[in-house]
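Q: Can you walk me through this model? I'd like the overall numbers, then the ligands.

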Amino acid sequence: MKLKKYISFITIIISFTILNKISAVKDGDYTGYKKYYVTHDSDAIREYMVGLQLEETDLDFWLISENSTTVLVPAQLQENFEKRLTELNSFFNKTSIYGNEYDSDIDSEVPLIRGSRQVSGSFFRSFHRYDTILQYMIALARRYPSIARYETFGRSAEGRAIGALSISITRGRPRKLAYIQAGAHAREWITPTTVLYFAAELLANIQFYRRILNDVEVYIVPVLNPDGYEYSHTRDRFWRKNRHFYSGLSCRGVDLNRNFGVYWNYVGSSQNLCSEVYSGRSPYSEPETQAVRRFLEANRFRAKLVLDIHSYGKYIFYPWGYTKFPARNRNFLHSVALRAANSIAKYRGTIYRIGTSAQLLYEASGGLDDWAYGVLGIPLTYTLELPGSGFVVPNSEIIPIGKETYAAFIEFLSYLDDEQIEYAQNSLISDDQSFDFGFNDDIFRSNLKSN
Ligand code: 0X9
Ligand code: ZN
């Protein structure tokens, strides 16, 4: 067993010296690229992929999961890549990248609650440019002036306004805060539509949600990374990072989900600017992550739920992302996630997997989830990976994914009543006797005291 591990370790080391660098900036040109779907039947192959993701900036990793990896490989590297895969005895298939995704057979015109109003209009029939999204948010706020407010959350690196919607039926009273964010990664287009669908549904049928919204403000940032989002519409459909420009350098952009000040740049991120997981020059070096930090720090004692919406893979992740070590109240986090996943499944059977991203994907630090949970002590913190077999999701899926995910949002919000929150926060202390990691303990306790 030990020998086997040793051999696979050696294989990984040797394999690192593989693919020759081409270091071209692809800038949206995917001529010759192939999408590889590699199945892992051993940890060695998976670990090899995790290593490659950090070392090989010319590959674009879409998903590394327990038993498979999906990765875009440019023409020049395909021969070497396939050779390595064969040496590692792994199976793969390759396709061109604009493949068709799955389609829905659900009647999306059924309202979510019997007797409720259908979220209407043409907005959810296709994906929109950023301006249209902002206009839609402003229109929603105008239409429901007593419960919704449009705000500028911050400004992006290129100066775009980052729009937010605050939804609340009890303004002027102290309220708990639920923060829902999407679009941190530019190419994950299904994430802004899904959180906006949720906002529209809440507003159109507010009478059904009075109990849940009784003392809760829902704060939604649909596109945290508008510069990247626009770039993924105009130049490069698979752009991930923001568009931070460094004068004199050809690569651009910081991975916003590696830029938070929690074990920053410790694992699963890179200091190579050309990498898809470049963590930035320092923690919060980016205006987009600064905006999140400013907002959540200012509201840290009333923030009880943080949801960061990504795609794809159908996962609900709870902390930690940076280590496989269990989080203190993981049992509680897991049970809430299970409820959320069950309610998603009721709509059309979509199955989510639940756990930590460190276990189900890879260890990666500097994420919003770990920071909100570990540094701010926000008891319910999750990252969702929405469905899709890639980042290109057909228009016909916008409403069905909106509807099934809505069920998860409602389930999460239902845990914000006083009793549940008290339990959630107490379980931060008592849930796991074996937790002796030191990190963040004091912060947790000081947060608990002031609640
Ligand atoms: O790697 C990420 O940032 C997320 N996956 S994605 O494919 N959308 O890029 C997962 C983030 C999970 N959380 C942490 N690693 N902290
Ligand atoms: Zn993402």
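Predicted model: local features only at pLDDT ≥ 70, side-chain atom pairs only at ≥ 80, totals over all residues.

Q: How much accessible surface does the chain have, and what share belongs to carbon and sulfur atoms?
A: The chain's accessible surface comes to about 18500 Å², and 50% of that belongs to carbon and sulfur atoms. Accessible areas come from the Shrake-Rupley method with a 1.4 Å probe, and for residues only the protein chains shown count as cover.

Q: How many helices and strands in the chain?
A: The chain has 13 helices and 12 strands. These are DSSP runs numbered from the N terminus: helices are H or I with at least four residues, strands are E with at least two.

Q: What percentage of the residues are buried?
A: Of the 451 residues in the chain, 59% are buried. Buried means under 20% relative accessible area, exposed over 50%, partly exposed in between (1.4 Å probe, protein chains only).

Q: Now the metal. Which protein donors does the zinc ion have?
A: The zinc ion (ligand 2) has His 185 (ND1), Glu 188 (OE), Glu 188 (OE) and His 310 (ND1), lying 2.0 to 2.4 Å from it. Donors are N, O and S atoms within 2.8 Å of the metal (3.2 Å for Na, K and Ca); water is not among the atoms, so sites may look incomplete.

Q: Where do Glu 188 and His 310 lie?
A: Glu 188 is in the loop between β7 (176–182) and α5, and His 310 is in strand β9 (residues 303–311), so the pair ties together parts 122 residues apart in sequence. Both Glu 188 and His 310 are buried.

Q: And α5, how covered is that?
A: Helix α5 covers residues 190–204, and 15 of its 15 residues are buried.

Q: Next, which polar atoms lie by the nitrogen atoms of ligand 1?
A: Using polar contacts (pairs of N or O atoms within 3.5 Å; within protein, one must be able to donate a hydrogen and the other to accept it, and residues adjacent in sequence count only if both atoms are side-chain atoms), a polar side-chain atom of Asp 369 lies 2.7 Å from a nitrogen atom of ligand 1. A backbone polar atom of Ala 364 is 3.1 Å from a ligand 1 nitrogen, and a side-chain polar atom of His 310 is 3.2 Å from one.

Q: How much of ligand 1 does the protein bury?
A: The protein buries 98% of the 420 Å² that ligand 1 exposes when taken alone.

Notes. Residues numbered from 1 in each chain as written. Chains lettered and ligands numbered in written order. Heavy atoms only, no water. Expected span 1.5 Å × (residues − 1).
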